[in-house]
Amino acid sequence: MAKKFLKKFLKWTGISLILIIIALIVIPIFFKDQIKEIVIDEVNKTLNAELSLEDFDLTFISTFPRMTVVLNGAKLQGKDDFKDVTLMDIKELKAHVGFWDVVSGDQISIKSIEVDQPIIDVRVLQDGKANYDIMKPDSVKTEEELEEPSNFKLSLQDYSIKNGQIKYSDDSYNMHANLVNLNHSGKGDLTADVIDFVTQTSIDSLSVDYDGIDYLSEVKTNADVNLLMEFSDKSSKFTLKENKIDLNAFSFSVDGFYNMLQGYDDMDLNLNAKETSFKDLLSLIPTFYQSGYESMVSKGKLTINGLVKGQMDDKRMPGWDFGLIVKNGSVKYPDLPGSISNIQVDAGSKFVGGEDLNKMTADVKSFHANFGKNTIDGNLALRTLMSDPFIQSKIVANVDLSTLEEFVPMSEGEKYDGILDADVEVKGKMSDLDKEDYEAFTAKGNLTISDMLYASKDVPDDVNIKKMGFDFSPEHLALTEMNAKVGKSDFQADGKIENYLGYLLRDDKLEGAFNFSSSYLDLDALMPASETSESTEATTPAPETSASATATEYILIPENVDFVLNTDIKKARYNGIDVSNISGGVGLKNEIATLDNLSLNAMGGTIGLKGSYNTQNHTKPVVDFAYSLKKIDIQELAQNFITVEKLAPITKYAQGQISSDFDMKTGITPDFAPILSSISCIGDISSSSISLEGFDLFNKIADKTKLKSFDNQTLKNFYTNFKVKDGKVELDPFDLKLGSIPSKVSGYSTLDRNLNYDMALNVPKEQIPAEMIKVVEDAMSKLQALSPKLDVGSLPDMIPVNVKVEGFYKNPKITTDFKEQILKATGDFKEDLINSVKETVKDSVTTIINDKVDEVKEDFAAKKKEIMDKAQVEANKVKAQAKKAADAVRSEADKQAADLIAEAGNNPLKKKAAEIAAKKLKDEAEKKAQKIEQEGNTKADAIMKKAQEQADKVGN
């Protein structure tokens, strides 16, 4: 009996197991799309971003006892300020989860994640808002999202990233990074209190810049870093174990620990670069590493030290000691005749730690190098940087640029010539400059460049600087002279920069005034425009191109400068337009560039311009300009500025000159094209004569009205006001003569070139076709015979006709009331007949109901009050029951939240997760409680509403 039972048990158990396995194989196949939608919906519930997937797969056979979720073509698209930014675009993402978690239906733990070929674009705006901060706060979640907790839990044991491309742009700190082909992996039980964490990282190219300075440029990076992570209630300690970091050929490791304690952090970190050579250090300099580095021979003794030790909190900083010493260094390329020799460097920075950062020092005690007969010498000392910065520095250089090719390999076509001379000395305290005690502060010397030539295959024209000189003084840095030529362009400049030392040492505002002049400036050659293809011959409206269509970034005006540039340019070429006599002022201040009464001659007339380019919002710069155009050729204007043709499509068919004064405000794309939907403009336009040729609209009006052809019209003494707002170009009514027919035109066109215009024509009798006149006159004589009392009269000399033009400008719809207006002109017989009928029936109906209403009013009022009083008692009872149920939900959630935190233990990850879960639990309970109360209030309101309806029916 027992054997028989055991046999049956094993049989059915085996069958059940087989069925489960078959089901797990079949379900992903037959329900693939449904599972895909569940994954997308589940993720989108928690994110302020939009997840999309190209494909989805689910396997478990090859990875048993783990089940693998595979997402192909996963993309996270930003919203709101980041709607045009794709945060992540991942070719493939694999998440390994517990097999039995899926089978049981309980919360699914994610054990491992593999990310293949992700493209990541991280943006941080100036106000600190980041596109990676995408977790939805509970305050914006829907009730459904709050009521349904996530079925997934992160319990990582390992993760990896393969061939990742990452861009990081932080406008709040002016910091940028670019990682090309990132490969990274991490392994360790992230749910434990003590974790041995092993990571491996490789990056083909790493670039980092901060505040305009390139700290790493296309550096090949490898890092193997092992950490011991220890978590307790009072601390989170990270101890560096075996590790090695390679930046190009520069190799180092870091020893020590970083401990996060309650109220402060404690650290003791040491840089170890004992085995690094001088040549390894030079690999971080692109000039050396990217041109013959392997064959380069370098000598010299290198010493590098780095230490960070102490405590850090809101007031205190840890101490540090960094140093770099190069003794008797040299660099020699086998294929070049010269060598860079006698390289001496002694630089470093120290701080004892604590609150007083005035004790920090920064020194370059010596910097020296010989390039044959060329020499460079320099030193620098900085003290009391926080309160009263002290600087002492001297730079002496004499370099024949034509000899550089003897010491450093040049790219193909690259060439230098000219002489660089510098002898500058600075010594003193900023407080002396603040007091204008210039005798106590030393700043003297000059820097000059003479007969300089720079040529490269990357630059279309050679750069020639005949002379450029700077003079240093405590008061200012003077550009005494600049005389340069690039291709056909020449320019001269001089000016002064005030407060240059305060800007360097304290980030004070940098002020300056310059004069710029040129006899010819070819801006098309100096700043080649990006190639764009835009057809203006479309037969249907084209959608507006968004700013994200270009790969460029906005040109931002610096915040901490106040510059004024006075210009005098005799001739220039811009965007294919020949321009002359450019004069006026350009200002840079508070992240705004302003044009002050800029004037120029172009397109057959004169242009005046003043206004601003405001970049205070780094993601949405705004242009706000006032224009004054005088006698500008219409065809040149339309051909060179696509915006003009979109604002007024008729300009394509117009000949003549126009004048216009207008103010325009608009957002722009990174390549300075206006965002059409944002344009706001008001102004006027006038011309003594405009001829219109080939504009088929007039012929279509002639065809519709059966009038003579309106081809090739001329507008004399044309004038109107216009405004652009909400995508519409609205014109004030203006006079237009169609052939010999006078008309009044009003209406608007849209920026996608749709028309909506009304034309009021006064058509002379002789312009009406003869056959139409005969038909009307025959009708008039018949009407006169039938109704001899009606004074019809003869057809007048002028007929008012209304024409409506609407639709896309290439093929608009045209309607007219020509026939109705002719009939109306015969004596308004239609209106007379209608009025006659109205007069006949006007007094045919009288009203007789007003007599007995007051007799029942008091009875109705008493009945209404009784209905409303009973309803109020019932509504109050419903609200009280809802309040009691809601309070019970809140109380139970508080209890469960306390239990979760108590069960978390000392692991800070578990504890943090418990705190998040507890908060979410309480938030969900509060939402549920509020929903109960709201439902009670809704029911109560419904009771009162129904009672009011019943009361309103009383007496009706």
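Figure 1. Asparagine 305 lies in strand S13, which spans residues 297–312. The model shown here and in the other views is a predicted one. With a relative accessibility of 32%, asparagine 305 counts as partly exposed. Beyond its neighbours within four places in sequence, asparagine 305 is in contact with Leu271, Asp321, Phe322 and Gly323. Of these contacts, leucine 271 is 34 residues away in sequence, yet the C-alpha atoms of asparagine 305 and leucine 271 are 6.2 Å apart. Towards aspartate 321, the side chain of asparagine 305 reaches the backbone oxygen at 3.2 Å.

**Figure 2. Buried residues of helix H14.** Helix H14 comprises residues 818–825, and its residues Phe818, Gln821 and Ile822 are buried. These residues are on the same side of H14, because the arc they cover around the axis is only 100 degrees. An α-helix has 3.6 residues a turn, so residues three or four places apart point the same way.

Figure 3. In soluble globular proteins, nonpolar side chains tend to be buried together.

**Figure 4. Contacts of methionine 759.** Residues up to four places away in sequence are not counted in this view. Methionine 759 touches Ile701, Leu736, Leu738, Ser743, Lys744, Val745, Val801, Asn802, Val803 and Val805.

**Figure 5. The aromatic pair of tyrosine 416 and tyrosine 454.** The count of aromatic pairs comes to 15. In the pair formed by tyrosine 416 and tyrosine 454, the ring centres are 5.3 Å apart and the planes are at 45 degrees, a tilted arrangement. The pair links distant parts of the chain, 38 residues apart: tyrosine 416 belongs to strand S19 (residues 415–429) and tyrosine 454 to strand S20 (residues 442–455). Tyrosine 416 has a relative accessible area of 23% and is therefore partly exposed; tyrosine 454, at 22%, is also partly exposed.

**Figure 6. An aromatic cluster.** Phe625, Tyr627, Phe662 and Phe722 together form one aromatic cluster.

**Figure 7. Lysine charges over aromatic rings.** The charged end of lysine 237 sits over the ring of phenylalanine 257, at 4.8 Å from the ring centre. Lysine 279 has its charged end over the ring of tyrosine 293, at 5.0 Å from the centre of that ring.

Notes: Residues are numbered from 1 along each chain as its sequence is written. This is a predicted model: local features need pLDDT of at least 70, side-chain atom pairs count only at pLDDT 80 or more; totals for chains, interfaces and linings use all residues. Side-chain values use heavy atoms; hydrogens and water are left out. Helices (H or I, at least four residues) and strands (E, at least two) are DSSP runs, numbered from the N terminus. Buried means under 20% relative accessible area, exposed over 50%, partly exposed in between (1.4 Å probe, protein chains only). Contact means heavy atoms within 4.5 Å. A polar contact is a pair of N or O atoms within 3.5 Å; within protein, one must be able to donate a hydrogen and the other to accept it, and residues adjacent in sequence count only if both atoms are side-chain atoms. The arc is that of the directions from the helix axis to the C-beta atoms. Rings of Phe, Tyr and Trp (its six-membered ring) pair if their centres lie within 6.5 Å; planes under 30 degrees apart count as stacked, over 60 as edge-to-face and the rest as tilted. A charge sits over a ring if NZ of Lys or CZ of Arg is within 6 Å of the ring centre and within 35 degrees of the ring normal.
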